[in-house]
Amino acid sequence: MEYIRLSNGVEMPVLGYGVFLVSPEECERCVSDALSVGYRLIDTAQAYANEEGVGNAWRKSGLKREELFLVTKVWIANAGEEKAAKSIDESLRKLQTDYIDLLLIHQAYGDVFGSWRAMEKAYRDGKVRAIGVSNFQSGRFFDFAHYVDVKPMVNQLQCNTLIQQTAIEPILAEFGTRMMAWGPLGGQGVEGIVKSEELAAIGAKYGKSAAQVALRWLTQRGVVAIPKSTHKERMQQNLDLFDFTLSDDDMARIATMNQHDTGTVNFGDPQFVKYLIENYG
Ligand SMILES: NC(=O)c1ccc[n+]([C@@H]2O[C@H](COP(=O)([O-])OP(=O)(O)OC[C@H]3O[C@@H](n4cnc5c(N)ncnc54)[C@H](OP(=O)(O)O)[C@@H]3O)[C@@H](O)[C@H]2O)c1
């Protein structure tokens, strides 16, 4: 495993396992499989309703708590200082731990400054080792990061070979914020990356699949990737990235595949915002 260092010195694995859309019942089995093949970073969220499955799996794994890196996210319904603080304690209970390694604000809506104050307090109290945000696009991120005391250590964004998030990189760098990629293989039901002939052709030179090339490209950029799979053999494949290095030419060739730099979700679209707030706020 390779690691990146966050702005506060915390070491974070550059590859992890995500559990979005993994049902609560299936989550424990999936995370147990992921831990058994070698994943040590698990990415969940209050909104995924499967934090308990993550907690059960790591407790049964026999791993020491310090061997794991647990990530969860405060959901919009828990925005605001008081509600966020309560939700952090609830996440700790469900994850069966007394600290979270990285806690993120899931979406940039509602009282995010209130949530952040609760997160800063949890950070100071030792309940959380690092704090950050998710889905904060460049302007929103700049405004937020400028006004808060503890600068976000991570921004988790939709990022992959087709959505490269290059425009936000200098803004993140200004605040010492590291990028974490959700949807690193293109997301659920999208096969443009894992079935890409171009990526497969690059992979053939190294004896690797298109998926492995796509993930290696991210980690080689220093972006943390959290692929999800419910299949153990794919979990294993997605982790088997650290015995090869993409050449500069291949890195540059993949950089030309960028199609929607800032992502396919328009977080500023009033219909999208209305939908999220009315259904989940
Ligand atoms: N912050 C946010 O708002 C946000 C949003 C979305 C996701 N996330 C996080 O990011 C994680 C990953 O994103 P994601 O789950 O949307 O998508 P993803 O990891 O990019 O892709 C998952 C899809 O790829 C398939 N897959 C996995 N490995 C494969 C391989 N080696 N070959 C072929 N297909 C493969 C999976 O199918 P099988 O399961 O059938 O193998 C699944 O359909 C999530 O689980 C979650 O933790 C965060």
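**Group meeting: ligand site, sheet and aromatic pairs**

One of its oxygen atoms sits 3.4 Å from a polar backbone atom of Gly-18. That is a polar contact, meaning a pair of N or O atoms within 3.5 Å; within protein, one must be able to donate a hydrogen and the other to accept it, and residues adjacent in sequence count only if both atoms are side-chain atoms. The ligand alone exposes 920 Å², and the protein buries 90% of that (Shrake-Rupley method, 1.4 Å probe).

A word on the basis. This is a predicted model, where local features need pLDDT of at least 70 and side-chain atom pairs pLDDT 80 or more, while totals for chains, interfaces and linings use all residues. Residues are numbered from 1 along each chain as its sequence is written, and side-chain values use heavy atoms, without hydrogens or water.

Now the shell. It holds 29 residues, with Asp-43, Asn-135, Leu-185, Ser-229 and Arg-234 the closest (a heavy atom within 4 Å of the ligand). By class, that is 10 nonpolar, 15 polar and 4 charged, with Gly counted as polar. Helix α9, residues 232-239, gives the largest share: 3 residues. Helices are DSSP runs of H or I, at least four residues; strands are runs of E, at least two.

Next, the sheet. It is open, with 8 parallel strands in the order β3-β4-β5-β6-β7-β8-β9-β10. Strands pair if DSSP finds at least two bridges between them. β3 (17-18) and β10 (224-225) are the edges; each has a single partner strand, so one side of each lacks a neighbour in the sheet. Inside, β7 (131-134) and β8 (154-158) pair in parallel over 2 bridges. Ser-134 has Gln-156 of β8 as its bridge partner.

Last, aromatics. How many aromatic pairs does the whole structure have? The search finds 11. Ring centres must lie within 6.5 Å; planes under 30 degrees apart are stacked, over 60 edge-to-face, the rest tilted. Trp-116 and Phe-144 are edge-to-face, 5.2 Å between centres, 85° between planes. Trp-116 is in helix α4 (112-124) and Phe-144 in helix α5 (138-147), so the pair ties together parts 28 residues apart in sequence. Trp-116 is buried at 1% relative accessible area. Phe-144 is buried too, at 0%. Buried means under 20%, exposed over 50%, partly exposed in between.

Definitions and conventions. Phe/Tyr/Trp six-rings, centres within 6.5 Å; stacked < 30°, edge-to-face > 60°. Buried < 20%, exposed > 50% of the residue type's maximum accessible area, 1.4 Å probe, protein only.
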